[in-house]
Amino acid sequence: MLIGILYIVAAIALFNRPGAALGVLVIWLGILAIIKGVNNFIRYTKVKKVTGFNATILIIAGVLDILIGFVLLFNLNSGIVVIGVVFAFWVIVDSIAHILNAGFFKARNKGMYWLSLIFNVLCLVIGISLLFNPIVSALTVPLIIAFYFLLHGIEEVFSAFVK
């Protein structure tokens, strides 16, 4: 739930000041990516324990999240330059991982299952669209990222209440 709240707070901040947000955004993304990576490891153990399903994609996504986080934190200038492409791949990988693991909710809460699928398909479309026009993406990255954070934040908060 904490990750969801952090995503929502980040989304609100980005919607309010998109022009001033890029440098801070890179630092936030680095921190959130590391937290998200650790959360994927935790989620992996929960999914495996509860369902017996070996959700290896969560481990892969977790490692990628942590690596991206460290790159963004320790190379701020490069992070600003390549934020659109890095974020696009992050959104794509993370959304695919969540889509592939949405079955975890299916037996427990069909509403959450559909909410997760819808939000993650929307996020996948956002990630793919970032790759099509890098110049426009670079100019709109704070707003696109805000929308992504809002969707995933809502999903994370709701998923915290699914037993």
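**Entry on α1 and α2.** I began with the contact between two helices and noted that Ile-3, Leu-6, Tyr-7, Ala-10 and Leu-14 in α1 meet Leu-25, Trp-28, Leu-32, Ile-35, Lys-36 and Asn-39 in α2, where contact means heavy atoms within 4.5 Å. By residue type, this contact of α1 with α2 divides into 9 nonpolar, 1 polar and 1 charged; here Ala, Val, Leu, Ile, Met, Phe, Trp, Tyr, Cys and Pro count as nonpolar, Asp, Glu, Lys and Arg as charged, and the others, Gly among them, as polar. Helices are DSSP runs of H or I with at least four residues, numbered from the N terminus.

The model is a predicted one, in which local features need pLDDT of at least 70 and side-chain atom pairs count only at pLDDT 80 or more, while totals for chains, interfaces and linings use all residues. Residues are numbered from 1 along each chain as its sequence is written, and side-chain values use heavy atoms, with hydrogens and water left out.

How do α1 and α2 cross? Their axes come within 11 Å and cross at roughly 165 degrees, the axes being lines fitted to C-alpha atoms over the stretch in contact, with angles running from 0 to 180 degrees between N-to-C directions. The crossing of α1 and α2 is left-handed, which is the case if the near helix is turned anticlockwise from the far one by less than a right angle.

**Entry on α2 and α3.** I next looked up helix α2 (residues 22-51) against helix α3 (residues 56-74), and found that their axes come within 7 Å and cross at roughly 160 degrees. That makes α2 roughly antiparallel to α3, and α2 passes α3 in a left-handed crossing. The residues of this contact divide into 19 nonpolar, 6 polar and 3 charged.

**Entry on Ala-55.** Ala-55 lies in the loop between α2 and α3. At 1% relative accessibility, I counted Ala-55 as buried, meaning under 20% relative accessible area with a 1.4 Å probe and protein chains only. Leaving aside neighbours within four places in sequence, Ala-55 is in contact with Tyr-44, Val-47 and Asn-101; the C-alpha atoms of Ala-55 and Tyr-44 are separated by 6.0 Å, although the two are 11 residues apart along the chain.

I found Gly-4 in helix α1 (residues 2-16), and at 0% relative accessibility Gly-4 counts as buried. Not counting residues up to four places away in sequence, Gly-4 touches Gly-153, Glu-156 and Val-157. Ser-159 is found in helix α7 (residues 134-160) and counts as buried at 11% relative accessibility. With the residues up to four places away in sequence again not counted, Ser-159 touches Arg-43, Phe-105 and Met-112.

Methods:
Angles under 35 degrees count as roughly parallel, over 145 as roughly antiparallel, 65 to 115 as roughly perpendicular and the rest as oblique. Buried means under 20% relative accessible area, exposed over 50%, partly exposed in between (1.4 Å probe, protein chains only).
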